[in-house]
Structure formats: structure tokens, C-alpha cells
Amino acid sequence: HVLPTCFVCGPSRPDGLRLFTGLVEQADNPNAQPIVASPWIPAADLADESGRIAPEYIWAAIDCPGAFALDVEPILLGRISAAIIERPRPGDQLIVVAWARGSDRRKHFAGVGLYSEAGALLAHAEQTWIQIDQHAHLKG
């Protein structure tokens, strides 16, 4: 894992969201764009005073999965625009889904959706990821 201590996707963060996305098999459409997904059951400590998951945790949940939808490393999030339609409650069974939306040289684009168990869209994001030139520090 590139960032093992990431709050969202880091396997070394037992206190994190622990969203470990994996490739979704699309047997009915083998030529489809790759889609990744992860189940998520938010813990009670992520709720605010309303009893719903605080917006900052929803934004976090729809961050990293976009990177896993792209077959590019290393990358950093350059821009995210998101909307929360409905905030879930702790214990809700959710799924985060992400897909690639194309690329332009070092810029890579992804979409992410947070869905309820019944399939209702709860939040979504559009992202621009920037591929890092690993050898840039050696130049010059």
C-alpha cells in the first residue's frame, strides 16, 4: 500500500474508515470500464450531534476510492467536487463505488458514489488526480 497510514484506506490505521476497494467483476460486460467498490459500515463515533455521519467523514469516504479506480501510481488528489444528498447513520450498510472517467497526460479523472444498501445515491464526487513524476527531484 502506497500510504499505509491513510485515514480512509490505510491498512495500518485501525482507527480509520478502512475502505479497501476491490475490482468489481462485470461478467455481463467484460469490455466495460473498470469499477471498484468497498462496503462501509460507519462506526458510531463518526456521527455528529444529529445522529448522522458527520459530513467530513462522508467526504473522506468518497476520496480515496477514486484513486483505486485509476491504474496509475503514484498519484495525489488535485481537485474534488462533491455533494452530499443524504447523510447515513452509524451502522448503515453502505457501498462506495468508483470508476475512471478518462485522462489527459498526467491528469486522471474519477467519479465516486456512496450508496445505501437499497441502492440510493447518498453522496457523489468528481475528482482530478495528478500523476507524480517520481524522478522530478533528481532533475536540475
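Predicted model: local features only at pLDDT ≥ 70, side-chain atom pairs only at ≥ 80, totals over all residues.

Visitor: How many bridges join β4 to β5, and in which direction do the strands run?

Guide: Strand β4 covers residues 94-104 and strand β5 covers residues 107-116; 10 bridges join them, and they run antiparallel.

Visitor: In what order do the strands of the sheet lie?

Guide: The sheet is open and has six strands in the order β1-β2-β4-β5-β6-β3, with antiparallel pairing. Strands β1 (22-23) and β3 (75-84) are at the edges with a single partner strand each, so one side of each has no neighbour in the sheet.

Visitor: Which residues may I use to follow the pairing from β1 to β4?

Guide: Two bridges join β1 to β2, which spans residues 35-40, and there Gly22 stands opposite Ala37. Six bridges then join β2 to β4, with Leu94 of β4 as the bridge partner of Trp40.

Visitor: How is β6 joined to β3 and to β5?

Guide: Strand β6 (residues 121-131) is joined to β3 by nine bridges, and Glu126 in β6 is the bridge partner of Ser81. Nine bridges also join β5 to β6, where Val112 stands opposite Ala125. Strands β5 and β6 form a hairpin with four residues between them, and Gly119 in the turn has a positive phi of about 100°.

Visitor: What general rule describes the side chains of a strand?

Guide: In a regular strand they alternate between the two faces of the sheet.

Visitor: Which residues of the largest nonpolar core touch the most other members?

Guide: A nonpolar core is a set of buried nonpolar residues whose side chains are joined by contacts. Here the largest has 23 residues, and Val8, Leu17, Leu19, Trp40, Ile62, Val112 and Leu114 touch the most other members. At least two residues of this core come from each of β2, α1 (55-61), β4, β5 and β6. There is also a second, separate core of seven residues, among them Ala67, Leu70, Ala100 and Ala110.

Visitor: What does Val112 touch beyond residues up to four places away in sequence?

Guide: The residues touched by Val112 include Ile62, Pro65, Val96, Trp99, Ala123 and Gln127.

Visitor: Now a loop residue: is Asp92 buried, partly exposed or exposed?

Guide: Asp92 lies in the loop between β3 and β4. Its relative accessibility is 30%, so Asp92 counts as partly exposed. Leaving aside neighbours within four places in sequence, Asp92 is in contact with Trp40, Ile41 and Pro42. Asp92 and Ile41 are 51 residues apart in sequence, yet their C-alpha atoms are 5.6 Å apart in space. A polar atom of the Asp92 side chain also lies 2.9 Å from the backbone nitrogen of Arg89.

Visitor: What is the order of the elements in the whole protein?

Guide: The protein has two helices and six strands, and from the N terminus the order is β-β-α-α-β-β-β-β. Its radius of gyration is 16 Å, close to the 14 Å that the globule rule gives for 140 residues, so the protein is as compact as a globular protein of that length.

Visitor: What share of the residues counts as buried?

Guide: Of the 140 residues, 35% count as buried. The protein exposes about 8400 Å², of which carbon and sulfur atoms supply 52%.

Key: Residues numbered from 1 in each chain as written. Heavy atoms only, no water. Pairing = 2+ DSSP bridges. Core = buried A, V, L, I, M, F, W, Y, C linked by side-chain atoms within 4.5 Å. Buried < 20%, exposed > 50% of the residue type's maximum accessible area, 1.4 Å probe, protein only. Contact = heavy atoms within 4.5 Å. Polar contact = N/O pair within 3.5 Å; in protein donor to acceptor, adjacent residues only side chain to side chain. Rg over C-alpha atoms; globule rule 2.2 N^0.38 Å. Areas by Shrake-Rupley, 256 points an atom, 1.4 Å probe, with all protein chains shown as cover.
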